[in-house]
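Trainee: I would like to go through this structure with you. Could we start with the terms and then take the contacts one by one?

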There are 2 protein chains.
Amino acid sequence: MLIERINQILQIKDIQLEYKKKFGKEPYNLSSWLTSEKFKKEMIEAIKLPTDNSIIEYSYTYSFNKNLLENLINKLIPEKKYSGGISLAANTTQAIVTVTNMLRMLDYKNICILNPAYFSVSKAHDAFSLPCDILTVERVNGEYVIPYEEILKNDYDVIWITSPIFSTSMYFSNQDIDFFEKLMEDGKLIVSDESFCTAGNEIINRINNTDNFIGMYSPHKAIGVNGYKFSAILFPKRFDEIIEHWVDILTGNLPASTEIAINHYLSDNYDYCLEIYRNYMHDSYGKIKKLLESYNNISIDQVDDGSLFTLYFKNLTYEQIKSIDFIRKMIFSTGSSVYPSYLNGFDEKFGFAFRINMALYDNEFEIALKRLLDYLSEYK
Amino acid sequence: MLIERINQILQIKDIQLEYKKKFGKEPYNLSSWLTSEKFKKEMIEAIKLPTDNSIIEYSYTYSFNKNLLENLINKLIPEKKYSGGISLAANTTQAIVTVTNMLRMLDYKNICILNPAYFSVSKAHDAFSLPCDILTVERVNGEYVIPYEEILKNDYDVIWITSPIFSTSMYFSNQDIDFFEKLMEDGKLIVSDESFCTAGNEIINRINNTDNFIGMYSPHKAIGVNGYKFSAILFPKRFDEIIEHWVDILTGNLPASTEIAINHYLSDNYDYCLEIYRNYMHDSYGKIKKLLESYNNISIDQVDDGSLFTLYFKNLTYEQIKSIDFIRKMIFSTGSSVYPSYLNGFDEKFGFAFRINMALYDNEFEIALKRLLDYLSEYK
């Protein structure tokens with residue numbers, strides 16, 4: 001009834017509050033989904049949101065100007081003539097609910113969620129009483145490897161993937177894309193949550209045939225802007241009717257911020273904001289990587305494009321990061337905190353791991369990270 | 001799988017398009033949820049939305065300033081110290097989904113939806129595989145009468161009501177409120193969709209004990225503003241945890257427009273907009289009522305406060321308004337269209353009925369209404 005993952009987060013928040021009571025200041029959480037004042041300032045200076053013309057009326061995908069929708073599709077898929085449908089939601093959580101409900105309505109039964117994924121994906125399946133298997137990628141020599149054989153063996157009708165690989169900012173390899181293409185050729189449906197995907201990395205732009213592909217895109221979320229955003233679901237035309245019908249039940253009309261965000265996405269200013277975001281993450285990644293070089297026992301990925309990445313500690317174990325006592329000791333010893341990676345769908349194979357959010361990067365972040373690395377990298 | 005009510009609306013829209021093909025202009029739909037240019041102009045001139053400070057970060061009910069939430073509750077419930085919880089959604093469709101999922105999670109089984117209600121309420125129950133009965137009020141001498149005995153006989157655990165009575169702008173009588181109070185004293189839960197309720201008419205302000213009461217309020221929707229709005233769910237404190245947990249799964253973070261709308265609601269300008277709205281509806285109602293006096297066979301209600309009301313035709317039957325051929329003939333004969341009341345949960349007891357939306361009122365509306373009344377009131 002209650003959600004374990006949320007209880008686990010609340011447990012960590014409780015420890016953070018305990019710490020605050022003792023030391024007058026919350027520990028610095030390096031995994032949080034918030035952003036630094038520095039990032040906010042840079043982005044707010046850069047962003048020029050268009051004027052709003054949608055104060056009064058109800059707005060739905062079907063009430064949008066057809067040209068606007070076409071331009072939106074053309075910017076998401078610049079090199080392809082796309083004949084599929086589109087539906088808009090205010091955020092990807094609602095897009096996930098919409099697609100999950102559609103799977104249920106169309107009686108899809110054999111569903112696999114490929115972890116790591118945002119935890120709401122499997123919970124949305126629970127909400128609609130839709131059974132699903134959860135498989136998890138493996139990390140081999142700094143690469144994430146899909147359990148190809150297990151997927152084939154189980155003959156899933158639907159494979160729900162997340163790209164970039166959740167909390168890593170790494171994209172699937174060409175070999176993986178070929179694998180997905182083959183599954184789709186065999187009539188399997190790929191549902192791809194690409195809400196963190198940055199421009200140019202969309203799977204829909206890397207595959208030839210989109211007849212069995214559903215993608216979710218949220219270009220503002222992908223650059224750390226979450227007040228004004230939209231989530232576009234792109235899907236084969238045959239799903240148009242069922243998705244449009246259920247929008248009225250599941251998500252309702254779109255807020256003004258959705259239309260503003262779409263118009264903004266279509267303006268050059270979005271591309272400028274994307275550049276600001278990329279520069280920020282590139283700089284932060286460079287500095288963090290340099291810092292990490294002076295520590296032992298830590299393994300990280302070569303980040304392709306994005307704000308999140310995950311740190312793996314060879315000297316520590318999955319049992320340790322699962323232990324709330326260990327977390328409490330760590331927080332009280334360092335004044336730094338994290339959300340362990342098991343909260344993001346990383347299972348025991350990944351050992352002691354947590355993600356850091358580079359949109360938080362500033363001096364305070366770096367100091368908090370140093371304190372934590374000093375403590376963890378030599379922990380025995 | 002598809003939704004009958006939406007197919008029925010699409011069928012009427014198809015006829016409207018047929019008409020447009022023939023005559024170059026769509027027929028005027030008097031029931032639509034849109035607003036006239038005149039209304040939009042007056043409201044946009046009146047409304048002063050506060051500046052936006054929530055461009056970047058994720059926003060959830062729990063991340064809002066506690067004072068803001070308290071002020072919001074105090075404006076919704078000015079005369080009472082309210083100790084219940086609050087959760088915010090971008091619109092009431094999402095509030096309905098949130099509450100329905102909560103009912104399922106808490107294993108409520110014997111649920112009754114009192115019609116007329118927005119069609120998404122029962123469909124949300126379908127989406128979560130939650131069985132429910134639908135009972136319908138009766139209209140006796142221009143009053144809407146609740147099926148008291150049937151409700152008592154069936155010993156429902158949850159009674160889901162809509163106030164004002166959907167598409168009528170009429171509020172439940174004091175006798176009805178007493179009835180609801182008694183049900184709640186007996187441990188029954190009342191869920192009240194009051195998204196169309198205007199200030200001062202809230203059931204939560206008319207009952208003594210809120211321990212078994214869940215209300216949904218959307219002050220901007222209630223005055224015809226749908227781009228910037230919020231829906232507040234007020235509920236007994238014991239539901240706090242389950243609602244907060246599932247927000248992450250069902251609705252996600254709140255768009256910037258929600259926080260803007262809340263701040264606007266708390267400003268005096270909201271009260272001014274409410275006045276603008278009330279004047280508009282009051283004037284429109286006066287003019288429409290005067291017009292109706294010159295026609296036979298039509299029965300209407302004494303509208304309390306709101307934009308929607310329903311017309312009943314004594315010379316016509318439920319079978320006629322259910323007949324798509326009749327609707328086609330009506331549209332092609334008059335250039336006017338409506339959405340029949342069965343789409344809003346009015347069953348055969350209500351005969352030939354449709355709602356009109358006074359937020360559409362202007363000259364064109366009045367002319368279209370006249371054409372329709374000329375045709376219908378003497379139809380044999």
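Mentor: A salt bridge is a side-chain nitrogen of Lys or Arg within 4 Å of a carboxyl oxygen of Asp or Glu. This is a predicted model, where local features need pLDDT of at least 70, side-chain atom pairs count only at pLDDT 80 or more, and totals for chains, interfaces and linings use all residues. Residues are numbered from 1 along each chain as its sequence is written, chains are lettered from A and ligands numbered from 1 in the order in which they are written, and side-chain values use heavy atoms, with hydrogens and water left out.

Trainee: Which residue forms a salt bridge with Asp347(A)?

Mentor: Look for a nitrogen partner. The closest N and O atoms of the pair are 3.1 Å apart. Asp347(A) pairs with Lys349(A).

Trainee: Is Asp347(A) buried or exposed?

Mentor: Buried means under 20% relative accessible area, exposed over 50%, partly exposed in between (1.4 Å probe, protein chains only). Lys349(A) has 43%, so Lys349(A) is partly exposed. Asp347(A) has a relative accessible area of 17%, so Asp347(A) is buried.

Trainee: How many salt bridges does a search of the whole structure find?

Mentor: One more example comes from chain B: the side chains of Lys109(B) and Asp107(B) meet at 2.8 Å, N to O. Both of these residues are exposed. Over all chains, the number of salt bridges is 30.

Trainee: In which helix do Glu45(A) and Lys41(A) lie?

Mentor: Their side chains form a salt bridge at 3.3 Å, N to O. Both residues are exposed. They sit 4 residues apart, about one turn of the helix. Helices (H or I, at least four residues) and strands (E, at least two) are DSSP runs, numbered from the N terminus, and this one is α2 (residues 37-46) of chain A.

Trainee: How are α1(A) and α8(B) oriented to each other?

Mentor: Axes are lines fitted to C-alpha atoms, for helices over the stretch in contact, and angles run from 0 to 180 degrees between N-to-C directions. Angles under 35 degrees count as roughly parallel, over 145 as roughly antiparallel, 65 to 115 as roughly perpendicular and the rest as oblique. Helix α1 (residues 4-23) of chain A and helix α8 (residues 240-250) of chain B pack at about 105°, with axes 10 Å apart. Therefore α1(A) and α8(B) are roughly perpendicular.

Trainee: Which residues of α8(B) make the contact with α4(A)?

Mentor: The axes of α4(A) and α8(B) are 7 Å apart, at an angle of about 80°. These two helices are therefore roughly perpendicular to each other. Contact means heavy atoms within 4.5 Å. From α4(A) come Thr93(A), Gln94(A) and Val97(A); from α8(B) come Asp248(B), Ile249(B) and Leu250(B).
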